[in-house]
Amino acid sequence: MTVMDNIMEAIETGKGKRVKLLIEEAMEAGIAPREILDSGLIPAMERVSQKYKDAQFFVPEVIMASRAMSVGTTILEEHMGQDSPRECPGTVVIGTVKGDLHNIGKNLVAMMLRGLGLTVYDLGYDVDSDTFLAKAEEYQADMICMSAMLTTTMPEMKKVIGKLNNRRLRERYIVMVGGAPVTETFARNIGADIYTRDAGTAAEMAREAVLALRKKKAEQT
């Protein structure tokens, strides 16, 4: 087995200490943090998600894997932050919507947004619509990023956008949505600005959108 295979296995089995040792070993061998993320952590997350969908994993296994994943993302975030220029002066609030306790994918997106230089306020999971709006205003955010892993919680995304429209705040924020059950059609129907299927693309599109919004705001002042 390769070091990436070992990292994936350690995450799937919820062995956080082993994840830490394996990642440190991989970096000492010259493997870049981004490669460890793309070839180790993200595939592990996808496997855990698929096993949950297939009823091979249940909530306890997912929680253990999530904790092991968090150990890995924390280590990589520190090193990716050191290597990445602070080139995007924008602010994002991100969270998993009300009723949903999943945070693996959301955590990956938050990490990659920080790696591109964005200031990220992670609201956690089970975040209600009023909290999204209040925190976006408090932190003077450019973007509201919402995640859902359950079809039953997806309507919460529409609720946030609806409240932005009702309060005449919609034009102030970029809204990005994602998560396993979310589709491009759903995102378009609820009025979101950005939808992607993976964390890497989400971060890149977020960066471009925030830079464009900042430029637009500067031109208006």
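This is a predicted model: local features need pLDDT of at least 70, side-chain atom pairs count only at pLDDT 80 or more; totals for chains, interfaces and linings use all residues.
Tutor: Start with a pair of helices.

Student: Which residues of α3 and α5 meet?

Tutor: From α3, look for Arg34, Leu37, Ile42 and Met45. They meet Ile104, Gly105, Leu108, Met111 and Met112 of α5.

Student: What does α3 look like by itself, and how many residues has it?

Tutor: α3 has 21 residues, 33-53. From first C-alpha to last, α3 reaches 29 Å, close to the expected 30 Å.

Student: Where does α3 bend?

Tutor: At Leu41, by about 25 degrees. A proline, Pro43, follows within four residues. Just after α3, find Ala55: its phi is positive, about 65 degrees.

Student: Which residues in α3 are buried?

Tutor: General idea: an α-helix has 3.6 residues a turn, so residues three or four places apart point the same way. Now this case. The buried residues of α3 include Pro33, Ile36, Leu37, Gly40 and Leu41. Ile42, Pro43, Ala44, Met45 and Val48 are buried too.

Student: At what angle do α1 and α3 pack?

Tutor: About 40 degrees, with the axes 9 Å apart. α1 and α3 are therefore oblique to each other. Their crossing is right-handed. On the α1 side, Met4, Ile7, Met8, Ile11 and Glu12 make the contact. On the α3 side, the contact residues include Ile36, Gly40, Leu41, Pro43, Ala44 and Val48. Leu41 is also where α3 bends.

Student: How do α5 and α9 cross, and at what angle?

Tutor: Roughly 45 degrees, and their axes come within 9 Å. So α5 and α9 are oblique to each other. Leu108, Val109, Met112 and Leu113 of α5 make the contact. Their partners on α9 are Ala199, Gly200, Ala202, Ala203 and Ala206. α5 passes α9 in a right-handed crossing.

Student: Which residues of α5 touch both α3 and α9?

Tutor: Compare the two contacts. Leu108 and Met112 meet α3, and Leu108 and Met112 also take part in the contact with α9.

Conventions: Residues are numbered from 1 along each chain as its sequence is written. Side-chain values use heavy atoms; hydrogens and water are left out. Helices (H or I, at least four residues) and strands (E, at least two) are DSSP runs, numbered from the N terminus. The expected span of a helix is 1.5 Å times one less than its number of residues. The bend at a residue is the angle between axes fitted to the seven residues ending there and the seven starting there. Buried means under 20% relative accessible area, exposed over 50%, partly exposed in between (1.4 Å probe, protein chains only). Contact means heavy atoms within 4.5 Å. Axes are lines fitted to C-alpha atoms, for helices over the stretch in contact, and angles run from 0 to 180 degrees between N-to-C directions. Angles under 35 degrees count as roughly parallel, over 145 as roughly antiparallel, 65 to 115 as roughly perpendicular and the rest as oblique. A crossing is left-handed if the near helix is turned anticlockwise from the far one by less than a right angle, and right-handed if clockwise.
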